[in-house]
Amino acid sequence: MPLVTIDDIPVEVPEGTTILEAARMIGGDIVPPAMCFHSKLKTSGGYCRTCIVKVEQGSAKDPRPMPKPVASCRTTVMDGMVVRNITSPENLEARAGVVEMLLINHPLDCPVCDQAGECHLQDLGYEHGKEATRYEFARREFEPTDIGDKIKLHMNRCILCYRCVKVADQITDGRCHGIINRGEVAEISTYIEKAIDNDFSGNVIDVCPVGALTDKTFRFKSRVWFTKPVDAHRDCTKCCGNVRLWYQGEEVLRVTARKDQWGEVEDNADGSTAWICNECRYDKKNTSDWTIEGPSKIDRHSVISANHYETSLRNIKADTLKMMGSVPHGVKVELGTGALDPNNLHK
Amino acid sequence: MSKKLLLKNDHIPNINQLAVYRQHGGYAVLENTLKNSNPENVLEEVKKSGLRGRGGAGFPTGLKWSFLARPEGVSRYLVCNADESEPGTFKDRYLMERIPHLLIEGMILSSFALGAKTSYIYIRGEYFYVARILEVAIAEAYAAGLLGKNIMGSGFDHDCYVQVGAGAYICGEETALLESLEGKRGNPRIKPPFPAVAGLYGCPTVVNNVETIAAVVPILELGGDEYAKIGIGKSTGTKLISASGHINKPGVYEIELGLPVEEFIYSEQYCGGIRGGRKLKAVVAGGSSVPILPTELILKTANGEPRLMSYESLGDGGFASGTMLGSGGFIVMDEDTSIVKNLYTFARFYHHESCGQCSPCREGTGWMEKIIHKILDGHGTMQDIDLLWDIQSKIEGKTICPLGEAAAWPVAAAIRHFRSEFESYVQNPENIKDIKHYYRLQN
């Protein structure tokens with residue numbers, strides 16, 4: 001098995017693993033962000049360039065460094081490869097450049113965008129971007145395109161990750177949307193405003209990393225962080241029926257596929273990917289339609305987890321300690337009421 | 001230094017016709033090779049010749065051919081890249097228009113060496129009339145038994161097709177070209193796998209420039225060793241140069257590699273000096289994407305040695321003081337030329353031609369164009385020049401295909417060598433009133 005070293009952490013991975021997947025096996029801060037890569041979609045990745053890393057040593061056999069930064073999602077590891085991600089300042093600078101490019105023409109309409117709170121571009125901008133833009137020209141705008149009564153396409157927000165095109169190619173019968181035009185004005189479209197209509201079309205919403213494709217049945221109903229995710233299933237003749245329900249009070253506001261910590265659709269117990277059909281997504285919005293499994297586990301430090309009592313307290317504690325510089329010697333910080341009070345820390 | 005190999009029969013009337021071409025020794029090399037040689041020998045001769053790719057990158061052709069995967073039972077393809085879209089380059093058009101059979105003979109010989117039963121000439125959409133010329137030539141070759149089954153009784157079968165593109169610069173990138181040839185959107189593929197392993201229709205493929213393939217004919221005529229004696233050092237053979245800009249005699253010239261740049265510009269045999277007796281200001285030596293060089297650096301290297309027309313000499317000093325031979329699009333600018341205006345034209349081109357697949361190029365090319373436009377409009381600031389530099393550094397090397405570099409290098413070089421000119425646009429906006437004339441294409 002090839003041994004690869006990422007940011008000085010060695011890891012042994014199966015043959016054919018990509019650098020990104022190897023980094024995810026290690027986990028933590030060294031995992032490069034990925035906008036266009038989706039592990040459940042073949043040939044995805046390589047377009048957005050946010051996951052670029054520096055390869056200091058190509059392999060044990062050929063120790064030369066790679067001349068340019070490589071897309072970690074599409075580069076397979078070689079035995080003895082040495083990769084630098086966050087330990088290379090120039091790599092971080094290059095990534096900040098890519099993030100800036102992705103944002104210059106993005107409308108930044110997060111306050112009215114349904115994706116806000118679970119948007120990969122928001123996370124990316126927050127974690128890797130700069131505090132202000134240097135772009136001073138008018139942002140690119142597209143004419144709105146109607147692609148059907150269930151899916152809302154907001155082309156202005158699109159980052160052209162091609163994920164929805166791959167979904168339509170790989171899990172639906174017959175793709176009727178794609179990229180038209182070239183360069184800066186390239187856009188996702190159905191060309192003559194044909195409605196995307198097949199049983200699995202709704203999955204394009206789940207794979208969209210930004211707010212370009214959103215659920216019309218959930219549009220403007222609530223911010224995602226005011227809804228509570230609950231895992232549920234039902235016997236569905238078309239799909240696996242394993243879904244995530246998003247509740248506000250007693251009401252199911254939307255149904256999505258279950259996503260893992262990388263924002264990718266999870267696998268079922270039998271190893272297949274848990275894509276869901278349109279019937280489950282749009283037509284089953286009563287609790288009585290579903291067998292409830294329990295609250296969804298939200299690993300990620302995201303605004304959705306702000307609604308989870310335990311997670312939020314832990315974050316507050318961590319942030320407080322960060323603000324105070326360091327933990328005073330011999331002080332144990334307990335979770336619970338009063339943890340925020342600096343006086344309690346010094347007791 | 002006036003050796004002619006590719007264009008030696010250029011002066012003969014009707015050389016585009018098969019009968020005339022054969023009268024002057026055409027297809028003799030093919031006949032001789034098919035009868036007396038084998039594919040390994042042809043590959044060996046090309047390796048010995050030291051021929052380097054004439055499309056821009058200058059990669060050794062023999063080495064590229066030897067990388068071709070040869071699995072049993074899988075077809076191999078040869079694709080000729082005739083999508084000559086680099087601004088300032090028009091040599092392939094001239095060659096195909098004048099002597100189409102030279103390319104076809106080269107295609108058959110190269111395919112013989114590679115074991116390719118089918119080859120394609122992918123020609124850019126704007127060259128539709130050249131495609132017609134090629135198609136006529138191919139039909140003549142089929143009728144004479146030079147293409148098709150059992151060529152000249154040798155048992156070698158080969159079919160050659162012309163495919164017209166739709167006019168996109170990006171389709172000159174080899175993997176985008178293959179996508180377009182397959183009938184898909186012309187987006188570059190993510191490499192690896194390289195075309196030598198999985199190219200056209202997933203089969204091993206070699207993609208070569210028109211001039212590279214045509215050069216195989218003189219190589220086999222002279223022999224690889226003899227060919228390698230022409231030229232200088234690792235830059236062997238002759239090269240077609242498309243000379244344009246403010247020179248007295250623009251056109252396509254075949255030069256022996258190693259010709260001094262000064263001689264090329266001022267000699268009567270070639271460019272014939274600068275138009276109207278003006279002074280030379282700058283040269284873009286290898287098509288619009290290579291770095292521009294000012295007079296002192298294009299005529300002499302940073303070490304003070306005379307700059308020669310060769311891969312090594314033009315590349316001497318790296319990008320700090322050198323450039324590239326590229327595709328041989330030699331654009332000369334006289335002292336009255338505005339480098340910033342010229343750069344705007346280039347930046348606008350790359351913005352227009354970016355395929356939009358990866359983010360730095362899709363967004364960055366447009367941004368650079370807007371900033372240069374702003375500077376030209378007299379609204380620029382000193383920070384804009386630094387910003388421009390920063391943007392190009394964020395594009396270069398971060399993209400899927402070399403279009404990112406092609407867009408970034410001209411910007412970098414213009415700022416590196418002509419920063420004062422940008423500054424004068426920023427400091428004296430009143431000096432650029434004539435910009436209105438520029439847009440109306442007057443004067």
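Trainee: In this predicted model, how many residues of chain B are in contact with residues of chain A?

Mentor: Since the model is predicted, the count is a property of the computed coordinates, and it takes in all residues of the interface. The side of chain A that takes part comprises 34 residues, and the number on chain B is likewise 34.

Trainee: What area is buried between chain B and chain A, and which residues of chain B lose the most area to chain A?

Mentor: The area buried between the two chains is about 2900 Å², and carbon and sulfur atoms give 54% of that area. Within chain B, three residues together account for 24% of what that side buries, and the residues that lose the most area are B:Glu363, B:Trp367 and B:Lys394.

Trainee: How many salt bridges does the rule find across the interface of chain B and chain A, and how far apart are the closest N and O atoms of A:Glu184 and B:Lys370?

Mentor: Across the interface of chain B and chain A, the rule finds seven salt bridges. A:Glu184 and B:Lys370 form a salt bridge, for which the cut-off is 4 Å between the side-chain nitrogen and the carboxyl oxygen. The closest N and O atoms of this pair are apart by 3.6 Å.

Trainee: How many residue pairs are in polar contact between chain B and chain A, and which element gives the largest share of the side of chain B that touches chain A?

Mentor: With both residues at pLDDT 80 or more, the count of residue pairs in polar contact is 20. The elements of chain B that give two or more residues to the side touching chain A are α15 (339-353), α16 (359-376) and α17 (382-395). By class, that side of chain B has 11 nonpolar, 12 polar and 11 charged residues. The largest share, 10 residues, comes from α16(B).

Trainee: Turning to the strands, which handedness does the β-α-β unit of β2(B), α7 and β3(B) have?

Mentor: Strand β2 (residues 118-123) and strand β3 (residues 159-164) of chain B run parallel and are joined by six bridges, with B:Thr118 standing opposite B:Asp159 in β3(B). Together with helix α7 (residues 128-143) of chain B, these strands make a β-α-β unit that is right-handed.

Trainee: Which strands of chain A stand at the edges of the open sheet, and why is one side of each left without a neighbour?

Mentor: The open sheet has five strands with mixed pairing, in the order β2-β1-β5-β3-β4 (chain A). Each edge strand has a single partner strand, so one side of each is left without a neighbour in the sheet, and these strands are β2 (9-12) and β4 (70-71) of chain A.

Terms used
Residues numbered from 1 in each chain as written. Chains lettered and ligands numbered in written order. Predicted model: local features only at pLDDT ≥ 70, side-chain atom pairs only at ≥ 80, totals over all residues. Heavy atoms only, no water. Contact = heavy atoms within 4.5 Å. Buried area = accessible area lost by both parts, 1.4 Å probe. Polar contact = N/O pair within 3.5 Å; in protein donor to acceptor, adjacent residues only side chain to side chain. Helix = DSSP H or I, 4+ residues; strand = E, 2+ residues; numbered from the N terminus. Nonpolar A, V, L, I, M, F, W, Y, C, P; charged D, E, K, R; others polar. Pairing = 2+ DSSP bridges. Right-handed = clockwise from strand over helix to strand, strands pointing away.
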